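Biologist: I'd like to learn how to read helix packing and surface features. Could you walk me through an example?

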Amino acid sequence: MRQLEHPVVFMIDNLDRAEADNILFLFKLIGSVFNLPNIIYVLAYDEDRIRSVFSDDNKVNPKYIEKIVQQEITIPEIPKDTMESVCSSCIERTLLAYGVHGNDIAQYMDVSALICNNMVDLRQFKRLLNSVFVSTFLYDNELYKPHLLAIEVIRFLEPDLYEEIRRNKKYFVSKDLYYSGDGLYLSTVNKKQFNSDGKVYFNNLFSKYDAYEGLL
């Protein structure tokens with residue numbers, strides 16, 4: 001190991017997501033068994049989580065982490081405006097990659113704005129791109145893509161709202177006639193009563209999920 005021209009670098013990511021005992025075990029391994037020449041360990045973790053693990057005096061000396069970590073590099077949180085800019089650009093490029101024409105991008109602006117305003121971090125955004133956009137564009141169907149993407153985004157970000165829409169789909173699909181009950185007979189909508197009930201329903205819905213009002 002000493003004769004290597006360049007050091008070997010091990011990247012250990014998401015360390016804070018492991019169980020406390022495993023975190024302590026890994027630190028002890030690095031500090032003793034794997035404390036080999038010409039090896040550098042880069043540990044990526046949430047500082048608050050790691051310090052809480054090392055705060056248990058019964059398991060390890062809290063000062064032990066200072067022996068292992070020789071240099072700390074703090075990565076600041078992404079500013080909100082930067083996060084929104086990154087998300088907006090990535091969404092537009094993703095839509096183009098799935099075959100949406102440039103002139104049609106505007107049809108997705110509402111759902112794009114919702115995504116950009118509600119992303120917690122880039123990891124969550126990556127998961128959304130890899131799941132929501134795939135389920136919307138990768139499978140052949142005749143559904144209107146902007147609306148399909150919107151409902152998939154709602155399912156990803158707010159599952160309770162998705163279930164709310166599913167249970168009350170009569171307020172989201174415009175029909176003069178609809179199947180009621182077990183679907184064995186056709187019933188005519190009382191438009192006046194339907195509109196009255198709908199106003200009450202949506203007022204309550206928007207007050208509970210105000211961030212989704214524009215999209216809904």
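Modeller: Happy to! Contact means heavy atoms within 4.5 Å, and helices (H or I, at least four residues) and strands (E, at least two) are DSSP runs numbered from the N terminus. This is a predicted model, where local features need pLDDT of at least 70, side-chain atom pairs count only at pLDDT 80 or more, and totals for chains, interfaces and linings use all residues. Residues are numbered from 1 along each chain as its sequence is written, and side-chain values use heavy atoms, with hydrogens and water left out.

Biologist: Which helices do the buried residues of helix 7 pack against?

Modeller: Buried means under 20% relative accessible area, exposed over 50%, and partly exposed in between (1.4 Å probe, protein chains only). The buried residues of helix 7 pack against helix 4 (80-97), helix 5 (109-118), helix 6 (122-137) and helix 8 (159-167). Among those buried residues are Lys-145, Leu-149 and Ile-154.

Biologist: Is Lys-145 buried or exposed?

Modeller: Lys-145 is buried, because its relative accessible area is 18%. Lys-145 belongs to helix 7 (residues 145-157). Beyond neighbours within four places in sequence, Lys-145 is in contact with Tyr-108, Thr-136, Phe-137 and Tyr-139. A polar atom of the Lys-145 side chain lies 2.8 Å from the backbone oxygen of Thr-136.

Biologist: And where does Val-8 lie?

Modeller: Val-8 lies in strand 1 (residues 8-12). Val-8 counts as partly exposed, because its relative accessibility is 30%.

How values were computed. A polar contact is a pair of N or O atoms within 3.5 Å; within protein, one must be able to donate a hydrogen and the other to accept it, and residues adjacent in sequence count only if both atoms are side-chain atoms.
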